[in-house]
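Good morning, colleagues. Please look at the sequence and the structure on the screen while I take you through the model.

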Amino acid sequence: MKQISMLDLKSEYEYMKQDIDSAIKRCLEHQKWIFGPEIGEFEEVTRAYIGVKHCIGVSSGTDALVLSLRALAIQRKGEEYFDRNDGIITTPFTFTATGDAILRAGATPVFVDIDPLTCNMDARKIKEYLISLRDLRSVRIVGILPVHLYGQACNMDEITAIAEEHDLFVLEDVAQAFGATWKGGKLGSFGSCGAFSFFPSKNLGGFGDAGMVATNDDAIAELVRMLLKHGGKDKYNVDHIGYNSRLDTLQAAVLLAKFKYIDEFNERRKQIARIYTEELSEVKGVSLPTAPTKSSLAANSPQIVPEHVFHQYTICTPRRDEIQSYLRENGISTMVYYPIPLHRMKVFEGRMETPGHLGNAERAVREVLSLPIEPLQSSEDTQHVAHTIRQFLGQ
Ligand SMILES: Cc1ncc(COP(=O)(O)O)c(C=O)c1O
């Protein structure tokens, strides 16, 4: 039986082998393993690509979030950490690291519900909660942490407007959305900072853990650069409680080689998504990823449709578990991102605020199913996945 996996990193390596092998060989020859030249080169190409003043390589997407939050605490409070009365609004429907980073920076995650169509944070809910929290007074909201889930932009017009009105910072979690845009601007360039992950399965993935912080704020950039190497400009005389969170030279070299292919690979992902959408659009009981249309976007800025880079192609269906089993029996891998919302996890018990009903997130964990979206996947394989779903549903 034909096997279709979620991702095929071996084929991707074969496709870029020459570039990757020569990048690694260069490292073997120069032997500059800590802060080697590839780090600055990678930071410069990504800085120009995202369109920000600074990109700073770090050791993972998780560290990119933690270091950004620590830098924001130092900048905004003059303290090393936030404290439990500082609330950061985020989504409960994300990878653990998003909420966990808030705890590690000393603050309280405030979970708001998601938009059932995009599974992204719902800006209207943020507004409602900010009004209701004024009465609660249990936490003082200091920032918003939107996650561009599955490679699709949150509504950055609304989120940045709310942030401005309430003097909040915005930290974008761009782990899943390298190359995606909101109305022509690259994600990660809208907030005070953007935190990227280069985990191997990401659209731009290293050969191990790696991440990056993007920012237009010189002071934040300087703080992140200090925090990632023990907390000081001079690591033998430090100012802040720091980390060893450097981006590895070898990872920077691999990422630099793979960066050449990012637009092509994101295009391939979009093409696969188009095939899934064509094949599944008439199927009853299955909802497909919803992209905002020109008419649904606010009229006050250029009407450029945001580009979804399909880190995942995620369908929603009440028959999720049965469909997943049937696909597995037919050699097709799928994944559930995510099976448990953050507000149900033990780590957040007694450490979070959930000011409203989180029904859409509760439903999403029961219904989402991510289909294989390997950029080198053939059209036939994509069609085969869609046909197998239709076969199961008898449609
Ligand atoms: C939404 C989100 N945030 C944060 C992370 C953490 O990134 P990393 O695994 O590189 O630490 C990931 C990915 O793993 C993610 O998907």
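I begin with a term: helices (H or I, at least four residues) and strands (E, at least two) are DSSP runs, numbered from the N terminus. On that basis, Trp-33 belongs to the loop between α1 (9–30) and α2. Before going further, please note that this is a predicted model, in which local features need pLDDT of at least 70 and side-chain atom pairs count only at pLDDT 80 or more, while totals for chains, interfaces and linings use all residues. Residues are numbered from 1 along each chain as its sequence is written, and side-chain values use heavy atoms, with hydrogens and water left out.

Buried means under 20% relative accessible area, exposed means over 50%, and partly exposed lies in between (1.4 Å probe, protein chains only). Trp-33 has a relative accessibility of 29%, so it counts as partly exposed. In sequence, Trp-33 and Leu-250 are 217 residues apart, yet in space their C-alpha atoms are 7.0 Å apart. Phe-35 is also in the loop between α1 and α2. With a relative accessible area of 43%, Phe-35 is partly exposed. Phe-35 is not a glycine, but it has a positive phi of about 50°.

I turn now to the ligand. A residue is near a molecule or strand if one of its heavy atoms lies within 4 Å of it. Which residues come nearest to the ligand? There are 16 residues around it, and Gly-61, Thr-62, Asp-173, Ser-197 and Lys-202 come nearest.

Several polar contacts can be named. A polar contact is a pair of N or O atoms within 3.5 Å; within protein, one must be able to donate a hydrogen and the other to accept it, and residues adjacent in sequence count only if both atoms are side-chain atoms. A backbone N or O atom of Gly-61 is 2.8 Å from an oxygen atom of the ligand. Gln-176 places a polar side-chain atom 2.9 Å from a ligand oxygen atom. For Lys-202, an N or O atom of the side chain is 3.0 Å from an oxygen atom of the ligand. On its own the ligand has 390 Å² of accessible area, and the protein covers 93% of it. These areas come from the Shrake-Rupley method with a 1.4 Å probe; for residues, only the protein chains shown count as cover. The largest share, three residues, comes from α3.

The next topic is the aromatic side chains. Rings of Phe, Tyr and Trp (its six-membered ring) pair if their centres lie within 6.5 Å; planes under 30 degrees apart count as stacked, over 60 as edge-to-face and the rest as tilted. The count by this rule is 18 aromatic pairs. Why is the pair of Tyr-49 and Phe-178 called stacked? The ring centres are 5.4 Å apart and the planes are at 5°, so Tyr-49 and Phe-178 are stacked. This pair links distant parts of the chain, 129 residues apart: Tyr-49 is in helix α2 (residues 37–50), and Phe-178 is in the loop between β5 (169–173) and β6 (181–182). Tyr-49 is buried because its relative accessibility is 16%, and Phe-178 is buried at 3%. Phe-178 also forms an edge-to-face pair with Phe-196, at 5.6 Å centre to centre and 70° between the planes. One aromatic cluster is formed by Phe-42, Tyr-49, Phe-178, Phe-196, Phe-198 and Phe-259.

A charge sits over a ring if NZ of Lys or CZ of Arg is within 6 Å of the ring centre and within 35 degrees of the ring normal. The charged end of Lys-186 sits over the ring of Tyr-49, at 4.2 Å from its centre.

I close with two points of backbone geometry. Most residues other than glycine have a negative phi, and most peptide bonds are trans. Tyr-150, which is not a glycine, has a positive phi of about 65°. Tyr-337 and Tyr-338 are joined by a cis peptide bond, with omega about 15°.
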